[in-house]
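Please read it alongside the sequence and the model.

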Amino acid sequence: MPSPILVALDTTSTPEAVALCERLAGLVGGVKLGLEFFNANGPEGVRAVCETGQPLFLDLKFHDIPNTVAGAMRAVAPLRPAIVNVHASGGLAMMKAAREAAEEAADAAGAPMPMVIAVTVLTSLDDADLAAVGQRNPAAAQAVRLAELAQEAKLDGVVCSPKEILAIRKACGQAFKLIVPGIRPLWSAAGDQKRFSSPASALEDGADYLVIGRPITAAPDPAEAARRIAEEIGGA
Ligand code: C5P
């Protein structure tokens, strides 16, 4: 099975991102570039990372009116991401528009269809934060509700915290992809992640992909750290 590890390249430096991709060749399933990297380096930086051959999760979390999100999807399709995402709270019509635009644009660019994934509730928000923006559901229930809405929009899955895997898996079934950040191998520092799981326990609960940043990128030897994690999950 290909590696479920997606490495979060949280940097503004293209050379640094490219060097990490090269050091991790064959050791991980792909890399994640987010708003920090994209706003610093744009599509040109993304293309440089893709040239290393690492599959790309383009984590830009689109959230706008359906027409604009569809346009954004069409704009990133030529970068041939393997995974793209939107905020589920943008609503059913927005998610459907994202899905359709991704399909059409991938076709037009002769690119493979990317997985379109939804972000449910940001894990930085707790129940009190949600209440403050007029959202009365507890975060855990809201995450399941948004995952079901994403499934109705025919998206491929959601990003969720390790603590939400079981509930979303139960609600959305086996084929729905769960991408899980907040992962810490037993031997690494937690950093600012408060609610985290080990790679093995997240996979055991039903995660499809693990987003792992600093335990690999900040390790003295990132390749060795990736190898240790692969061993830990039985993939080496
Ligand atoms: O370095 P670390 O492993 O904590 O990086 C995790 C990555 O996953 C970062 O890019 C972070 O923004 C992202 N993420 C997260 N928690 C979420 C959603 C995304 O840590 N709930």
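The model is predicted, and local features need pLDDT of at least 70, side-chain atom pairs count only at pLDDT 80 or more, and totals for chains, interfaces and linings use all residues. Residues are numbered from 1 along each chain as its sequence is written, and side-chain values use heavy atoms, with hydrogens and water left out.

**Ligand shell**

- The residues around the ligand are Ala8, Asp10, Lys32, Thr123, Pro181, Arg184, Gln193, Val211, Ile212, Gly213, Arg214 and Pro215, where a residue counts if one of its heavy atoms lies within 4 Å of the ligand.
- Five residues of the shell are nonpolar, three are polar and four are charged; the nonpolar class is Ala, Val, Leu, Ile, Met, Phe, Trp, Tyr, Cys and Pro, the charged class is Asp, Glu, Lys and Arg, and the others, Gly among them, are polar.
- At least two shell residues come from each of strand E8 (209-212) and helix H9 (214-217); helices (H or I, at least four residues) and strands (E, at least two) are DSSP runs, numbered from the N terminus.

**Polar contacts and burial of the ligand**

- A polar contact is a pair of N or O atoms within 3.5 Å; within protein, one must be able to donate a hydrogen and the other to accept it, and residues adjacent in sequence count only if both atoms are side-chain atoms.
- Asp10 places a side-chain N or O atom 2.8 Å from an oxygen atom of the ligand.
- For Lys32, a polar side-chain atom is 2.9 Å from a ligand oxygen atom.
- Gly213 contributes through its backbone, with a polar atom 2.8 Å from an oxygen atom of the ligand.
- The protein buries 80% of the 460 Å² that the ligand exposes when taken alone, with areas from the Shrake-Rupley method and a 1.4 Å probe.

- Gln54, in the loop between helix H2 (35-50) and strand E3 (56-62), is buried at 7% relative accessible area; buried means under 20%, exposed over 50%, and partly exposed in between (1.4 Å probe, protein chains only).
- A polar atom of the Gln54 side chain is 3.5 Å from the backbone oxygen of Leu24.
- Arg169 belongs to helix H7 and is buried at 9% relative accessibility.
- The side chain of Arg169 has a polar atom 2.6 Å from the backbone oxygen of Phe176.

**Exposed loop residues**

- Gly191 lies in the loop between strand E7 (177-180) and helix H8 (199-205) and is exposed, with a relative accessible area of 61%.
- Lys163, in the loop between strand E6 (157-159) and helix H7 (165-172), is exposed at 51%.

**Positive phi**

- Most residues other than glycine have a negative phi.
- Lys61, in strand E3, has a positive phi near 45 degrees and is partly exposed at 28%.
- Arg80 has a positive phi of about 55 degrees; Arg80 is in the loop between helix H3 (66-76) and strand E4 (83-87) and is partly exposed at 46%.
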